[in-house]
Amino acid sequence: MGPNIVDRALEAAEHDAATPISPTATHHELPHRTSAEIERVISASSVSSASSSHSARPRRPSTVGTGIVGVGMSRVSTSRDLPPTELGRIQTARSQHSATVGRSLRSRRSRASLVKPLPPFGAGKPYPPLLPNQEDFVVEFDGPDDPLHAQNWPMAKKLLTATMLGYTTMIASFGSSIFSAATRAVANDFGVSPDVSLLGVSLYVLGFATGPTFWAPLSELKGRRLPLVASMFGFTIFNLACGTAKDLQTVLITRFFAGFFGACPLAVVAAVFSDMFDNRTRGMAITVFSMTVFTGPMLAPFIGGFMVEDESIGWRWTAYLIAIMGAVAFIIDLIFLEETYPPVILVSKAAELRRRTLNWGIHAKQEEIEIDVKELITKNFSRPMRLLFCEPIVTLLSVYMAFIYGLLYLFLTAYPFVFMGVHGMSAGVAGLTFFGMIIGQIIAGVTVLMQQPWYARKLAANNGVPVPEWRLPSVIAGGVAFAIGLFWFGWTGFTKDIHWIWPTLSGLMTGFGIASIFLQALNYLVDSYLMFAASAIAGNTFLRSLAGAAFPLFARYMFEGMGTQWASTLLGCIGVALVPIPVIFYMFGDRIRAKSAYAPTFGAGPEVAESETGDDSELGHGEKEAPGSVPRTDMDAAQRAV
C-alpha cells in the first residue's frame, strides 16, 4: 500500500508540473513596472496566474506561507493577494526550477521501479501519509524590496562587490599575457625553441576556452560565490606549481589549468552584475568588468619584460607574482564576497528558518533538485554550446569577438616583432608601447559611460523596457576604428625610418575598437539572454578563447613571411568584412530574437511545443519554460512586465 501511495504522489506531481498554464491572466495581473524594480525574466508560467480556467485540468491554487509552519501557519493564495511583482518572481522561479537538472523524477522512478520495489519503511512502521501542500513550506522573497535580494543591496555594498570581482577578473586576464615576455627565457632554460615555449600562452588561453563550460552551469546550479572562491584557490595553486616547475611539460600543464580556473570570473562575473544591477546601471557595471578583461593583458607585458631582464628575478617570478595576486583575491572573495544568485540566497534563508523554527519541512525550491550526473553533463554543460551554435546572435557576435580577441593576443607577438625587431627596444621598454592600446581602451570605456544618460532617457521613454539593440552603435563605431588601427599599425611599423611613436599611437584606434566592441557586445548578450547570461557569455568565451590560443602560434610566421604592412593589411580587411555583423543586428535584431527559444522578451521559439506538452527530455536547466517561450499573443503583456 505504501509504495502505491508514493507512486501516486509522484505521478500527480509530474502531471501537475507538465500541465500548461494559461497566459490569459497576464493582461490584468501584471501591470507596468519600471526597471528600478528587481529584474525578473518572464517565462511561460510567469505571465500566468497560479490557476486558470483554461488549464488542461483543474489545479490547486499555489500558496506561500506567511507564518511558521506547524505553529498556526496561515495560507495565502498567491493568485489573488500577492503583489504582481512578487507573484511574477515566484512563478518565474518555479518555472525555472521545474526544468532544472534532476527535478524530473519520471526516468529515475521508472528505472527504480523496474529494478526493485521500494524498501520497507523500517522498524515495522507503515509508510506515512502524504505531507500537506508542499508549497506551504517553500520560502520566497518578501516582496520586491526584500533586502536579501542582491538588487536591493546598498549601492556601497554593490560597488565593493564589483571592485572585488573586477580585481579578480583582472588577475585572470593579467596572467594570460605576462608569460609572453618570458617565452625566450623559458626556451633557453629548457632547451626548446621560442615557438614551443609560446604554448604556455596558448594553453592558458585554451583553459579560458574550456573552463566556462564547467563554471557557468555550476554558477547557475550552486550559485556564484562557490565557483568564484574555488576557482581563485585553484588558480593560485597552479600558478605556484608553474613557478616551481622542473621541466617544460609541467610548465605547460600548469599553465593550462591556471587558465581553466582563471576562466571562472570571465564567465561568471558578468552574471553576478546581472544579479545585482537593473537595466539602468547594468551597462555601467559590465563596462567596468569588460575594462578589467582587456586592460589586464596589456598591463602585463612590460611588467614581465622588466622582470625577465633582471637576472636576479627571472621568469619564474612571472608565475609567482600571479600566484600572490590570486591568493589575495582568494582571501578577499572568501571573506567578503556574498552570494548574489537569488535561488541560492533563498536556500540560505530556508536553512536559517529551519534552525530557528525546528521545522524540517521549510526549504527553497533549489533544494528540491537532485543532480543526475548524466543529465548534468548532457544538458547543463552543453547549454553554452547550444547557445553558441544554435542562436544566430551568439554565433555571429562570438565569431566577430573571437577575431578581435585573437588579435589581442596576436599583438603580444606583433608588438615585440615591430618594437624589438625593427626599433631595437628591450623587452620591458617594448612592453610600454602597449599603453597606446590601454589609453584607447580607457577612452572607449569613458565614452560608453558617458552614453548612460542617453541610454537612461531612452529606457524611461520606453516605459522601462530595454531594447538590446541600443547597445550596438558603439560596436559599429568600434569595428570601424579597429580596422583603421590595423592599417595604421602595419603601414607605420614596418620600417625604422618611421618614428616608433606612430605605430604606438595606432594603439589608440585598436584599443578603442577592442574595448568598444567588447563592452557593448557583452552588454548586448546580457540584455538579450538575461536568464541564460552566464551560459551565453560562456559560449562566447569558449570560441574567442580558441582564437586567442591559436593566433599567437602563427603570428611570428605571418609577420615574417608577409611583412608587417601586408600582414596588418590582411587582418584589417577581415576586420572591415566583419563590421556588417553588428549593423545587421541593429537593423534586424528584434526579428531574430523573436524566433529565439532563449531570448527573454520576444516570441515563441522551437521549444514551445515541447514545453506545452510537458516533454522536457531535450531541455536543460531552466529551458522547459524558457523566456523565449512566451506565446506570441502575449508578447505585449510580457514586455510590459519585464
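This is a predicted model: local features need pLDDT of at least 70, side-chain atom pairs count only at pLDDT 80 or more; totals for chains, interfaces and linings use all residues.
Student: What makes K157 and E338 a salt bridge?

Tutor: The cut-off is a Lys or Arg side-chain nitrogen within 4 Å of a carboxyl oxygen of Asp or Glu. The closest N and O atoms of K157 and E338 are 2.8 Å apart, so the pair qualifies. K157 sits in helix α6 (residues 155-178) and E338 in the loop between α14 (316-336) and α15 (342-357), 181 residues apart.

Student: Why is K157 called partly exposed?

Tutor: Buried is under 20% relative accessible area and exposed is over 50%, with partly exposed in between. K157 has 26%, so K157 is partly exposed. E338, at 41%, also falls in between, and therefore counts as partly exposed.

Student: How do you know that R556 forms a salt bridge with D195?

Tutor: Their closest N and O atoms are 2.5 Å apart, which is within 4 Å, so the pair counts. The pair links distant parts of the chain: R556 is in helix α24 (residues 533-562), D195 in helix α8 (residues 194-197), and 361 residues separate them. R556 has a relative accessible area of 27%, so this residue is partly exposed.

Student: What does the salt bridge between D275 and R224 tie together?

Tutor: The N to O distance of this bridge is 2.8 Å. D275 lies in helix α12 (residues 248-276) and R224 in the loop between α10 (212-222) and α11 (225-243), so the bridge ties together parts 51 residues apart in sequence. Both D275 and R224 are buried.

Student: How many salt bridges does the rule give?

Tutor: The count is 11. Salt bridges with shared partners join E135, K365 and E368 into one network.

Note on methods
Residues are numbered from 1 along each chain as its sequence is written. Side-chain values use heavy atoms; hydrogens and water are left out. Helices (H or I, at least four residues) and strands (E, at least two) are DSSP runs, numbered from the N terminus. Buried means under 20% relative accessible area, exposed over 50%, partly exposed in between (1.4 Å probe, protein chains only).
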